[in-house]
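Look at the sequence and the model below before reading on. The paragraphs that follow go from the whole chain to single side chains.

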Amino acid sequence: MGRLSGSLRCVKYLLLTFNLIFLLAGSSVVAVGLWLLFSGQVKKLNTDDEEVYAYFYLGLYILIGAGALMMVIGFFGCCGAARESQCLLGAFFACLLVIFATEITAGVFAFLGKKRTVTDIQHLYSEAYKNFIDKAEGNRTLQEVHSLAKCCGNEDPKSAEHVSSLCLEEYKQHKNCLEEIEKVVHHNFQIVGILAVCTAGITIFGMVFSLVLCCAIRNSSDML
């Protein structure tokens with residue numbers, strides 16, 4: 001303790017501040033991830049076809065796991081910076097590198113899975129609409145999609161008349177569900193992607209600060 005001075009001591013306190021922010025960011029990532037997982041809009045759509053949500057949920061699980069890891073690492077990073085421990089800072093850097101790779105992976109899944117998820121949910125709605133018209137079946141799926149996307153009917157303007165009883169009271173007029181599904185899914189995937197990219201960017205700063213501080217502590221030890 002007390003071996004650093006000047007600009008390097010400033011780096012130390014910047015790293016301490018970073019770790020506090022990192023801890024709070026991890027908490028936010030976990031909170032938003034859990035909200036999307038359990039209470040988000042896409043969760044409202046009930047289907048036995050798990051592949052519809054495969055990419056979305058996989059990205060969420062990765063994101064929540066990384067957020068939880070961020071919280072733990074943020075705490076230990078503060079300890080490493082405060083104690084000026086090369087060992088703790090080295091471990092902190094390695095963990096940040098793992099988180100960086102994890103967040104990039106979550107972002108990639110969000111990007112690659114969006115189109116597939118949109119197509120699958122649109123197909124689910126089209127099949128439910130067809131079953132309702134032909135056999136008066138699929139009411140629950142139609143109701144859930146109408147509630148999810150705030151829409152009524154498909155691309156046919158007259159379709160809203162056929163399913164108006166299954167639409168929300170304020171959305172009984174025609175509004176193409178196939179287009180609205182794409183907007184809703186895009187919004188949810190956008191949240192996952194933005195969280196992943198922003199967290200990855202924050203992680204880079206943490207790696208730089210920890211590496212600089214670790215090298216400074218080692219040089220200070222060599223001079224003693």
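In helix H3 (residues 86-135), Arg116 and Asp120 are 4 residues apart, so about one helical turn separates them. Their side chains meet in a salt bridge, with 2.9 Å from N to O. Arg116 has a relative accessible area of 35% and is therefore partly exposed. Asp120, with a relative accessible area of 17%, is buried, because buried means under 20%.

This pair belongs to a predicted model. The chain has 224 residues, and buried residues make up 43% of them. Its secondary structure comes to 6 helices and 0 strands. Along the sequence this reads as α-α-α-α-α-α.

The mean pLDDT of the chain is 77, and 84% of the residues reach 70 or more. Where pLDDT is low, the predicted coordinates should not be read in detail.

How many salt bridges does a search of the whole structure find? The search finds 3. The bridge between Arg116 and Asp120 has already been described.

Another salt bridge joins the side chains of Glu144 and Arg140, at 3.2 Å from N to O. Both residues lie in helix H4 (residues 139-149), where they are 4 residues apart, about one turn of the helix. Arg140 counts as exposed, because its relative accessibility is 53%; the cut-off for exposed is over 50%. Glu144 is one of the buried residues of H4, and the others in that list are Thr141, Leu142, Val145, His146, Leu148 and Ala149. After H4 comes Lys150, which has a positive phi, near 50°.

Lys183 and Glu180 form a salt bridge too, and their closest N and O atoms are 3.4 Å apart. These two residues lie in helix H6 (residues 177-223), 3 residues apart, which is described as about one turn of the helix. Lys183 counts as exposed, because its relative accessibility is 52%. Glu180 has a relative accessible area of 11% and is therefore buried.

The surface also carries patches. Where does negative charge gather? A patch of negative charge on the surface is made by Glu155, Asp156, Glu161, Glu179 and Glu182. One of these residues, Glu155, sits in the loop between H4 and H5. Glu155 is exposed, because its relative accessible area is 53%.

A patch of another kind is nonpolar. Met71, Val72, Phe75 and Phe76 make this surface patch, which covers about 370 Å². At 30% relative accessibility, Met71 counts as partly exposed, because partly exposed lies between the cut-offs of under 20% for buried and over 50% for exposed.

To go back over the main points, the chain has 6 helices and 0 strands, and the search finds 3 salt bridges. The surface holds a patch of negative charge that includes Glu155 and a nonpolar patch that includes Met71.

Note on methods:
Residues numbered from 1 in each chain as written. Predicted model: local features only at pLDDT ≥ 70, side-chain atom pairs only at ≥ 80, totals over all residues. Heavy atoms only, no water. Patch = residues over 30% accessible without salt bridge, like charges linked within 9 Å, V, L, I, M, F, W, Y side chains within 5 Å. Areas by Shrake-Rupley, 256 points an atom, 1.4 Å probe, with all protein chains shown as cover. Salt bridge = Lys/Arg side-chain N within 4 Å of Asp/Glu carboxyl O. Buried < 20%, exposed > 50% of the residue type's maximum accessible area, 1.4 Å probe, protein only. pLDDT = per-residue confidence, 0-100. Lys, Arg positive; Asp, Glu negative; His and termini not counted. Charge placed at Lys NZ, Arg CZ, Asp CG, Glu CD.
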